[in-house]
Amino acid sequence: MQSGEPSPDATGQRDSTARRWATWTYQRTVLVGVHTITSLMRLEDHVMLVEGDPRLQILYTQVPDRLGDGVGKCLAELEVRTLPWQEAVQGSFDLTVSASLHRMGEVPAKKRFSAPHGAGFTKLWPAWAWPGDADARPVYGLDRESLLDAVGGPIFDALVVPHPDHITTLARQCPESVPYALVTGDPCLDRLLASASRREHYRTGLGVRPAQVLVAVASTWGRHSLIATQRDVLLRLTAELPANHRVIATLHPAVWAEHGTRQVRNWMREVRAVGVDLIDVGEDWRGLVAAADLLVADHGSLAAYAAATRVPVLFSPFGGTDVDSSSVVAELAAVSPRLVADVPLLTQLQAAVHAQPAQWRVARRRVAAMRGQSAEVLRQCLYRLLELPEPEEATAWPQVPVPRLVDGD
C-alpha cells in the first residue's frame, strides 16, 4: 500500500474507498469466491456472461479450502484483480458468485449466487464428515448444513440447479431454500455441446491421427476413484489395445491439489512411459471429451457429460462410495458395463459401445434441462440479482480451448 493511501476498515467501507482510486466509473462490484481449481473452471463459465459489462467491477478471492492448492497460481495466470480472503470478509459487495458453498456467508454482500461444480448433485455427505446418523446422510450441496446460516436463514439468494430433479431433493432436505432455487440448465454441458462441432480441431490439437481411436480415461479423487483402485487399467490399455488406439487420461484437480503437481507427475511417470498421455493440471477436460471415441471413467461427473454427448462409457467399479443411489451417475452405472480384470479390454470397450444408446437416454433425461438455454437463463438471473438491465446483445457459449498435455521429461 502506498504511503498516504487510506486503509479499508472492517465496517463495509472498502468499496467506497476503492472507488476513489478508480479510473473507470462502475456501478456494481462482483466478488467471485474461488475454493478450488474445479470450482474456478465452473465459475469462468458464469463470469464470462457479465465480465465485459463496463458497469461491473469483477474481483476474485481465494476461499480457504483443503483442496485449494494451485488456485492462486491459476488466478495469477488469469490476470484478474484478486483480494486476500481477510480483506474480502471485511468488504462490501453487490454480489458474490461461487461454485462451492462453505464460508461464503462470511462475505458481506447484498446478494449471493451459487452454482454446482459437477453434473448436478450426485454425492452424499461423506461418512467421515457427517455429524449425524451415517444412514441418514443427505445429498451434499442441497442440505440444510450447507445452505442455511447459524440462525436458520438461507445464505444464498440464488441457488442454481441444472435439472428439476434437484428441486425435489432440495424440497425434501432444505425446504427453506426452495424459493431461491432456479433451474438453469448446465453451462458446462452446453459449452461441451457447443464445442462438439469442432471435434477434429480438438483431435488435431491433442495429436490424435485421423485413423486413431481415442480412448479417454477420467478419474475423480479419493480412495474409491479409478486412479486409486484401477491404476493398472492405464497400463493394460496400452498393452492390450490395437496399435491404432490412443489413450489420454485426465485426473480431477483435487488429486493434484492434495498430492502436489510434481508428485502426481512422478507417480504417473510409469504410465506415461508406456504411452498414456496425461492432461496437465488446471486444463479444461471438455476438449478431451469432445475428441474422444470412448471413455473409461468412475463415479465422477465426466461420465455423465460424456454420455450426454454420445461418447460410450465403461465404468470402473465404485462400490462403497458416497454416490447418491438416485443420482444420474448411479442410473448411468446401472445401464453400463463395469470394468473387470479377467476380460480383454477391447471386448469391454465394445460392450460400452453397445450400451451407448441406453447411456445417452439416461443422460439426456437426467443431466440437464433447458439444453442450449443456460447462457440466457443464467445471465437473466445474474442481472436480476445486480438490479441492472441486461445488455442488449445476445449471449452464447464460446468453445473450450484445447487442453495441454503434460510435457515429456
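These questions and answers cover helix contacts, strand pairing and aromatic pairs in a predicted model.

Colleague: How are α15 and α17 oriented to each other, roughly parallel or roughly perpendicular?

Modeller: Helix α15 spans residues 301–308 and helix α17 spans residues 345–366. Their axes come within 7 Å and cross at roughly 105°. Angles from 65 to 115 degrees count as roughly perpendicular. The two helices are therefore roughly perpendicular.

Colleague: Which residues in α17 meet A304, A307 and A308 in α15?

Modeller: The contact of α15 with α17 divides into five nonpolar residues, one polar and no charged. On the α15 side stand A304, A307 and A308. Their partners in α17 are Q359, W360 and A363.

Colleague: In what sense do β4 and β5 pair, and which residue in β5 is the bridge partner of S98?

Modeller: Strand β4 covers residues 93–98, and strand β5 covers residues 109–114. They pair over five bridges, in the parallel sense. For S98, the bridge partner in β5 is S114.

Colleague: How many bridges join β5 and β6, and which residue in β6 is the bridge partner of F113?

Modeller: Strand β6 runs over residues 158–161. β5 and β6 pair in the parallel sense, over two bridges. The partner of F113 in β6 is A158.

Colleague: How many aromatic pairs are there in the whole structure, and what kind is the pair of W125 and Y140?

Modeller: A search of the whole structure finds four aromatic pairs. The ring centres of W125 and Y140 are 5.4 Å apart, with planes at 70°. Planes over 60 degrees apart count as edge-to-face. So the W125 and Y140 pair is edge-to-face.

Colleague: Is W125 buried or exposed, and what does Y140 count as?

Modeller: Buried means under 20% relative accessible area. W125 has 15%, so W125 is buried. Y140 has 32% relative accessibility and counts as partly exposed.

Colleague: What kind of pair do F315 and F318 form?

Modeller: F315 is buried at 1% relative accessible area, and F318 is buried at 8%. Their ring centres are 6.1 Å apart, with planes at 55°. The F315 and F318 pair is therefore tilted.

Notes. Residues numbered from 1 in each chain as written. Predicted model: local features only at pLDDT ≥ 70, side-chain atom pairs only at ≥ 80, totals over all residues. Heavy atoms only, no water. Axes fitted to C-alpha atoms, helices over the stretch in contact; angles between N-to-C directions. Helix = DSSP H or I, 4+ residues; strand = E, 2+ residues; numbered from the N terminus. Parallel < 35°, antiparallel > 145°, perpendicular 65-115°, else oblique. Contact = heavy atoms within 4.5 Å. Nonpolar A, V, L, I, M, F, W, Y, C, P; charged D, E, K, R; others polar. Pairing = 2+ DSSP bridges. Phe/Tyr/Trp six-rings, centres within 6.5 Å; stacked < 30°, edge-to-face > 60°. Buried < 20%, exposed > 50% of the residue type's maximum accessible area, 1.4 Å probe, protein only.
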